[in-house]
Amino acid sequence: MEHDLAKGPASEAAPTGRGGSRATKAFWRKVREPLAQSRFVKNAIASLLAQFVRLVRLTSPLVAGSARFSGGAYAEFEPGIIALWHGQHLLTPAYYPKRKPLVAMVSRSADAELNALMLEKFGIEAVRGSGGRDNARHLDKGGAKALIALKKSLTAGKNVAMIADIPHGTPRDAGLGIVLLARLSGRPLLPVAIATSRRKVLEKSWDKTTINLPFGRSAVTIGAPIFVAADADDAEMERKRQEVTTALNAATAEAYRLVDGRR
């Protein structure tokens with residue numbers, strides 16, 4: 001009798017626990033979307049990301065052999081088009097010189113909105129669009145508008161930054177969009193890579209996104225400028241696309257070699 005009485009309340013309490021769990025999940029689903037759409041929440045997250053990137057920069061001194069964005073051998077090629085790889089670009093705002101105008105193309109996807117907001121924290125203007133399509137003659141409307149905006153920025157004397165590979169396409173393989181911008185503007189492409197000795201690679205991400213960590217060493221590498229003639233035909237555009245791919249991969253390998261101390 002005592003055993004049966006003891007079982008009674010336990011069996012009645014179980015549904016209450018499951019119901020509480022269901023209620024919690026239902027509540028989270030209800031508030032999750034408004035939170036994701038909240039400008040305040042997005043700005044708060046972007047501010048935290050910006051502070052973290054600054055921390056990485058402050059605690060990761062540049063190693064010998066690193067390049068610099070301003071002055072030196074690259075000044076004559078400004079305004080230029082800074083070419084970066086997906087997943088390897090996150091530190092760029094912290095390493096780019098302050099008060100030096102920069103306009104960056106950022107994807108129009110919802111996920112990239114945080115990136116655009118973070119850029120604003122560094123005084124970098126974001127242009128939303130995607131210019132990496134396989135066929136540069138058939139850019140979508142947003143991509144075409146973004147390329148026009150970047151071209152105007154170059155004409156105004158501002159450097160621009162653009163991710164070379166196509167979102168969710170083949171990682172570290174340049175698209176034609178960035179080559180088209182070089183052809184339209186007459187300005188050179190500058191293959192750029194930034195690496196840190198302390199890092200976490202997200203192996204399951206399509207582009208092997210690298211999360212740079214503080215308290216290590218860092219390196220910046222800039223490859224030789226790549227020019228695209230205004231009258232470049234399809235075959236020449238493809239050759240330049242391959243040249244950008246090769247140059248960016250070489251710059252990336254060199255940046256990691258420098259921070260990892262390999263000969």
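A polar contact here is a pair of N or O atoms within 3.5 Å; within protein, one must be able to donate a hydrogen and the other to accept it, and residues adjacent in sequence count only if both atoms are side-chain atoms. Keep that in mind for Gln88 and Tyr256, whose side chains are joined by a polar contact of 2.5 Å. What you're looking at is a predicted model, where local features need pLDDT of at least 70, side-chain atom pairs count only at pLDDT 80 or more, and totals for chains, interfaces and linings use all residues. Residues are numbered from 1 along each chain as its sequence is written, and side-chain values use heavy atoms, with hydrogens and water left out.

**The chain as a whole**

- The secondary structure comes to seven helices and eight strands; helices (H or I, at least four residues) and strands (E, at least two) are DSSP runs, numbered from the N terminus.
- Of the 263 residues in the chain, 42% are buried; buried means under 20% relative accessible area, exposed over 50%, and partly exposed in between (1.4 Å probe, protein chains only).
- Take the contacts (heavy atoms within 4.5 Å) with a separation of 6 or more: 73% of them come from residues 24 or more positions apart.

**Around Gln88**

- You'll find Gln88 in the loop between strand S1 (81-84) and helix H3 (92-95).
- Gln88 counts as buried because its relative accessibility is 9%.
- Leaving aside neighbours within four places in sequence, Gln88 touches Arg172, Ile194, Lys208, Thr210, Thr252 and Tyr256.

- S1 runs parallel to strand S4 (residues 159-163), and four bridges join them; two strands pair if DSSP finds at least two bridges between them.
- Across from Leu84 in this pairing stands Ile163 of S4.
- S1 also pairs with strand S5 (residues 189-196), again in the parallel sense, over three bridges.
- Here Ala83 has Pro191 of S5 opposite.

**Where H6 meets H7**

- Helix H6 (residues 177-185) packs against helix H7 (residues 234-260) at an angle of about 115°, their axes 9 Å apart; axes are lines fitted to C-alpha atoms, for helices over the stretch in contact, and angles run from 0 to 180 degrees between N-to-C directions.
- On the H6 side the contact involves Val179, Leu180 and Arg183, and on the H7 side Met237, Lys240, Arg241 and Val244.
- By class, this contact has four nonpolar, no polar and three charged residues; Ala, Val, Leu, Ile, Met, Phe, Trp, Tyr, Cys and Pro count as nonpolar, Asp, Glu, Lys and Arg as charged, and the others, Gly among them, as polar.

- Most residues other than glycine have a negative phi, and most peptide bonds are trans.
- Glu78 and Pro79 are joined by a cis peptide bond, with omega about -5°, and Pro79 sits in the loop between helix H2 (39-59) and S1.
- Arg99 isn't a glycine, yet its phi is positive, near 65°.
- That residue, Arg99, lies in the loop between H3 and strand S2 (102-106), and Arg99 is exposed because its relative accessible area is 80%.
- Lys208, in the loop between strand S6 (199-201) and strand S7 (210-212), isn't a glycine either and has a positive phi of about 55°.
- With a relative accessible area of 36%, Lys208 is partly exposed.
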